[in-house]
Amino acid sequence: MTESGFDIAGLEAGHRPVSEFRYEKRPVVRGYNDRTLYVNVGDGRIAEKPVSADMRAKFTGGKGYGLRLLWDAVNPSTKWDDPENEINIAMGPVCGNTNYPGSGKSLVVSISPTTGIPIDCNVGGYFGPFLKFAGFDALEVQGKADRDVIVFIDGDDGVVSIFEAPGEAVDSHVLAEQMVAMFARDEKDRQHISSVSAGTGAEHALIGCLNFSFYDKRRKVARLKQAGRGGIGTVFRDKKIKALVVRYSGLDVSSNNPADLAGLQETGLKLHREIVTLDDQQCRMREIGTAHLTEIMDEYDLLPTRNYKFGSSPDSPGLNSHAFSAMVTHGLPDGCWYGCTMACAKAADGFELATGPYRGHKVTVDGPEYETVAGCGSNIGVYDPRVVMELNFYCDTYGLDTISFGTSTAFVMECWEKGVLDSTRTGGLEMTWGNGPAALELLHRIGRGEGFGLVAGFGVRGMKKYFAEHYGADPKLLQDIGCECKGLEYSQYVSKESLAQQGGYSMALKGPQHDEAWLIFMDMVNNRIPTFEDKAEALYYFPMFRTWFGLQGLCKLPWNDIEPADNSSTDEPAKVPEHVENYLAIYKAVTGNDLDRDGLIRQSARVYNFQKVFCIRMGKGRRIDDWPPYRMMGPVTVEEYESRADRYDKQLREQVGIDPAGMGTPEKVAALRAYREDRYEKLLDAVYRRKGWTREGVPTVETLHDLGIDYPEVLEVVKPLLV
Ligand code: SF4
C-alpha cells in the first residue's frame, strides 16, 4: 500500500504487457509535430503516421485532423461499436501555449452511439497538450480489446505501451488518482501525469462521457474536465479501455517552439490584464465560472424549467450563482490549462456525498458549470444546490454527460406527469418534478446498469422509441416533448423566442449543442438580426468562427465572456473585433504564417463542410435531420401557452395577423405553431443558401471545389444527391 492509499504494486502485478512502441523524440516546430500516433487496442498495433502537406493545409489541426483520420478509418455502414470506429484526440497548432488564456483544449471525435454520425467535443485538462509535447498532433485509437487495458504514452522516454489492467477502478475520480499514484516518479512528477477515462455509467448507457484529468498541486487531487457530448465515453468502455495516460515533464513557455515568442507574450499580456481588470464587472468567471449565467437566463425567461416548458421559476434563486459560490473554494488559480487567467474551472472541496457507492466520502466536485445547474437543477425541478452538486459528481465519476442526463431525466419526468410512466415501469422510482432523491437513484441505477436505469441510459431518442413500442405512448407527443435532434439531447437554453437560436441548435452538425452558434441575445434581446437574411448571415459566420477554436486547440470562453472596455462602441460588438485580432496575432506568432479574417473563416469552412459531408455519408445531415422538436420552437401544450398568454396572444395579433379574442387555447396553440414552423422552413432556406448548400442541405460541388475539399471520396457522397 502506498502513501496514496492504493495498492499500486498489487495493481501492477496484473499488468500483462500487450505491446510496446519506441519512437524518436523531437521538438514541436511552430506548433506542429507533423506526425500522429495510431494505437489499436484490439490487435496491439502501435505506429506513428506522418501528416501529409495536404492534411496540414486543408484540415489545420484539432477537430480537422480528428475528422480526417476518422473518415479514413470508417465506412458508411460503420456503427459506433464496430471495431473500426475510432476515438481521435487532436490538439491544433496553438494548443499547449501557456501565454494566451484558454490555449489548452483537446478535440475528441468519434462516431456517436446516440446520433450515428461524427461527434466532436472540446475539452480541457492536460492530456492533449502533454500528448502534443510528447511528440504527436493527434492520437487515433481503434479496435476493441477483449479485456481491460491501459495505454501509456511516456513522453519523457519516448515509449508507448499497452497492457492489461484488470485491477484498476473504473469510476474516474478513483482511477485518475490511481494513474497519478502509479505513473508519477515522485511528488513533483504528479503534475506531469494526465489520464483520460470513463466510468461505470459509460458501460451501461449510450450517453457516456470522457474525463480528462489535470493534477491540481495545491489541492493535491486529480481533477476532471469532460468531453461530454454524444457518448464518446460509451465508445471508450466498449473498447475496454480503462485509461489513456500520458507523462510529460518538460513544459515551458516555449514548448510550442513558436515563431515569435515575444509577440505571443505581448498579446497574451494584453488579455491577462483585461481579465484581471474587467472580469469582476462583467461575468465573474474567476469567482464562479459559467454558473454566473443562471440568474441571467432566469431573468430573460431562458432558463430551462421542467423539460424546457418554461424559461424561469420563482424557485430559481435557490440555484443562483451565490448559492454555488458559497460551496466552491476561492482564491486558487482554477485554470484547466496553464496560463488561463479566466480560471473558471471551479471546484467544491470536502463535499460529503449523501448517496450511492461513495456515500460518506468527502470529495472534490469539479463544477458545477451552468449547463449542469440548469440540466440537473431547474430543468428537472430541483432547486437544492447540494442535490445538483451530488448529481454533478456522480455523472462525472460514472462517465455520464450531465447535459444528456439532465435532458433525459427531464423527459422522463414529463412522461411521468403525462401518464406514460408509472412506478411499475420505473421500478418504484417516483419521477415527479423536483424529486432529487429519485433523480439520484436513477443515476445510480444507470451506474449499476440496473432496471429502468438501462432504459434512461438510451437517451431521449432511444426512450421515445422504447416508450412508443413498449408502453403504447403517442409518438407524436413524444416527438414534441423529447428534446433531442439527430439523437443528441439539447443543451440548456430555452430557444422558443429566438428563431436564430432554434437554427443554431438544430442545424448544428453534431446535434443541438450551443458551441456552433449562440445567438439568443443578439436575436431575441437586442433584435440585431431581424430579417431571415440577417439571421442566415449570423448562422453562417458564427459557426465558421467558432469552428476555428476547435482547429487550434483554443477555449471559446476568453473570446467573448470577457470583452474589452470599449467593445460596445465597435462596429460589430458581437464579434469582439479586438479579440479576433488577438487570435490572428497569436496564430501568426505560433506558426509564423499570416492569417486574415477571411483566411480564418476559410480554414473553418473547409473542415465544417467536410464534417457536413461526413454526416451525410453516415446517413444524416439533410434537411429532415435539421428539424427541431416543437418544444424547442414554441408552446406544445395549453399549460405552456397559458403561462405566457399575453406574449403569445400579442404575437398572434401583431405577427400572424389573427385576432385571438374568442379563440380557445388549443386553437391558438395550433395557429402559433403553423406560423412558427413556416418561419423555420424559411430560415432553413436562407441559411442553406448562404452556406452554399442545396435546399436539401447538401454542399454543392462548387462550394466544395471553392474550398479545395473536392476530393473524389467527398464528391462521391454528394453527387448522387445533387441530381
Ligand atoms: S476559460 Fe475556463 S474552460 Fe476555458 S481554458 Fe480557461 S479555465 Fe479552462
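The buried residues of helix α26 (residues 645–656) in this predicted model are Y648, D649, Q651 and L652, where buried means under 20% relative accessible area, exposed over 50% and partly exposed in between, for a 1.4 Å probe and protein chains only. Helices (H or I, at least four residues) and strands (E, at least two) are DSSP runs, numbered from the N terminus. D646 and E654 are exposed on the face turned away from the buried side. The cover over the buried residues includes α25 (638–643) and α27 (665–691), contact being heavy atoms within 4.5 Å. G657, with a positive phi near 80 degrees, follows α26.

Residues are numbered from 1 along each chain as its sequence is written. Local features need pLDDT of at least 70 and side-chain atom pairs count only at pLDDT 80 or more, whereas totals for chains, interfaces and linings use all residues; side-chain values use heavy atoms, with hydrogens and water left out.

Seven strands form an open sheet of mixed pairing, in the order β1-β9-β8-β13-β10-β11-β12; two strands pair if DSSP finds at least two bridges between them. β1 (17–22) and β12 (221–227) each have a single partner strand, so one side of each is left without a neighbour in the sheet. The twist averages 15 degrees from one strand to the next, with axes fitted as lines to C-alpha atoms (for helices over the stretch in contact) and angles running from 0 to 180 degrees between N-to-C directions. Within this sheet, β8 (residues 149–154) and β9 (residues 159–164) are antiparallel and share six bridges, with I150 opposite F163 in β9. Helix α4 (residues 127–134) lies across β8, β10 (193–197), β11 (210–216) and β13 (241–247), at about 60 degrees to β13.

A further open sheet, also mixed, has six strands in the order β3-β2-β7-β4-β5-β6. Its edge strands, β3 (46–50) and β6 (118–123), each pair on one side only. Neighbouring strands are turned by 20 degrees against each other on average, direction ignored. Strands β4 (residues 87–90) and β7 (residues 138–142) run antiparallel and are joined by four bridges, and I89 stands opposite L139 in β7. Helix α4 packs on this sheet as well, touching β4, β5 (106–111) and β7, and its direction makes about 105 degrees with that of β7.
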